[in-house]
Amino acid sequence: MPSATAPSTTPRITARRQATRDRVLEAASEVFAERGFHGATVEDICERAGFTRGAFYSNFSSKDDLVVELSRRHSEALVDRIRRASKREHASADEVLRDVFAALADDSRERWLVLTTEFTLHAIRDAAARRAWAAQQRRVRDELVSVVDEAVSRQGLTLPIPTDLFVRAAISLAQGSMTQRLVEPRSLTVGELERTVLPILLGVDA
């Protein structure tokens, strides 16, 4: 006699609970932008969201949990935008790159960089936060590796380095360029380093 199928252990999130999570995340994004990761408190976020601490802790375990979830959503949106750019029908490699550069140069990413830089420093000092942050970064890279592999294959290109290293280099370049612009606003134009270096790695003109 065949055994019964075990029920799924994944909890189902109701529409009401999802709405609560979304509002807390929206409030956290606003408060983090205003006060920074360390300056923001759970109480600040609850007040902005209009919920109690109980509602917060029934959905998120900590501020760390909020940042990781915000990163997941932010990264999914960015990867999706890059994926759609890479799949443009009849687009040349340089046209795809221009669309990718536009995605990377989105002004909202500067505010996000400030938060993630703060959180990265926190994660370096906190083992649990470091493990969660590293896992999230790996998920993003894996998604981007898949996008890049599909794109270079579609364009008939061959990367001179492993795709994972290319993705790490592209992320480091984009983040480093943005950091330099925030510290020295007139030192670089938006996307200047990316437009200069990434096409060289890809072997195309942009």
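User: In this predicted model, is V24 buried or exposed?
Analyst: V24 is found in helix 1. Buried means under 20% relative accessible area. The relative accessible area of V24 is 2%, so V24 is buried.

User: Leaving aside its neighbours within four places in sequence, which residues is V24 in contact with?
Analyst: Helix 1, where V24 is found, spans residues 15-39. Beyond four places in sequence, the contacts of V24 are I45, A49, F51, F56, F60 and L66.

User: What is the C-alpha to C-alpha distance between V24 and R48?
Analyst: V24 and R48 are 24 residues apart in sequence. In space, the distance from C-alpha to C-alpha is 8.2 Å.

User: How many helices and strands are there in the chain?
Analyst: From the N terminus on, the elements run α-α-α-α-α-α-α-α-α. The count is nine helices and zero strands.

User: Among contacts between residues at least 6 apart in sequence, what percentage join residues at least 24 apart?
Analyst: The chain has 206 residues, and buried residues make up 38% of them. Among contacts between residues at least 6 apart in sequence, those that join residues at least 24 apart come to 60%.

User: Which element gives the most to the largest nonpolar core?
Analyst: The largest nonpolar core has 24 residues, and those with the most contacts inside it are V24, F32, I45, F56, L66, V67 and F119. Two or more residues come from each of helix 1, helix 2 (42-49), helix 4 (63-86), helix 6 and helix 7. With seven residues, the element that gives the most to this core is helix 1.

User: Which residues is L66 in contact with, leaving aside its neighbours within four places in sequence?
Analyst: L66 is one of the residues with the most contacts inside the largest nonpolar core. Beyond four places in sequence, L66 is in contact with V24, L25, A28, F32, I45, F56 and F60.

User: Is the pair of F37 and F119 stacked or edge-to-face?
Analyst: The chain has five aromatic pairs. F37 and F119 have their ring centres 5.2 Å apart and their planes at 85 degrees. Plane angles over 60 degrees count as edge-to-face, and the pair of F37 and F119 is edge-to-face.

User: How many residues apart in sequence are the parts that the pair of F37 and F119 ties together?
Analyst: F37 is buried at a relative accessible area of 2%, and F119 is buried at 0%. F37 lies in helix 1 (residues 15-39) and F119 in helix 6 (residues 108-125), so the pair ties together parts whose separation in sequence is 82 residues.

User: Why is the pair of F119 and W133 edge-to-face?
Analyst: W133 counts as buried, at 8% relative accessibility. F119 is in helix 6 and W133 in helix 7 (residues 127-155), 14 residues apart. The ring centres of F119 and W133 are 4.9 Å apart, and the pair is edge-to-face because its planes are at 75 degrees.

User: Which residues do ring pairs link into a cluster, and what charged end sits over the ring of F37?
Analyst: The cluster linked by ring pairs consists of F32, F37, F119 and W133. At 4.6 Å from the centre of the F37 ring, the charged end that sits over it is that of K63.

User: Why do the buried residues of helix 8 line one face of the helix?
Analyst: Helix 8 (residues 163-183) has 21 residues and reaches 30 Å from its first C-alpha to its last, close to the 30 Å expected. Its buried residues are T163, F166, V167, A170, L173, A174, S177, M178 and R181. They line one face because, seen down the axis of helix 8, they fall within an arc of 125 degrees.

User: What arc do the buried residues of helix 9 cover around the axis?
Analyst: In helix 9 (residues 192-202), E194, L198, P199 and L202 are buried. They are on the same side of helix 9, because the arc they cover is only 100 degrees.

Notes:
Residues numbered from 1 in each chain as written. Predicted model: local features only at pLDDT ≥ 70, side-chain atom pairs only at ≥ 80, totals over all residues. Heavy atoms only, no water. Helix = DSSP H or I, 4+ residues; strand = E, 2+ residues; numbered from the N terminus. Expected span 1.5 Å × (residues − 1). Buried < 20%, exposed > 50% of the residue type's maximum accessible area, 1.4 Å probe, protein only. Arc of directions from axis to C-beta. Phe/Tyr/Trp six-rings, centres within 6.5 Å; stacked < 30°, edge-to-face > 60°. Lys NZ or Arg CZ within 6 Å of the ring centre and 35° of its normal. Core = buried A, V, L, I, M, F, W, Y, C linked by side-chain atoms within 4.5 Å. Contact = heavy atoms within 4.5 Å.
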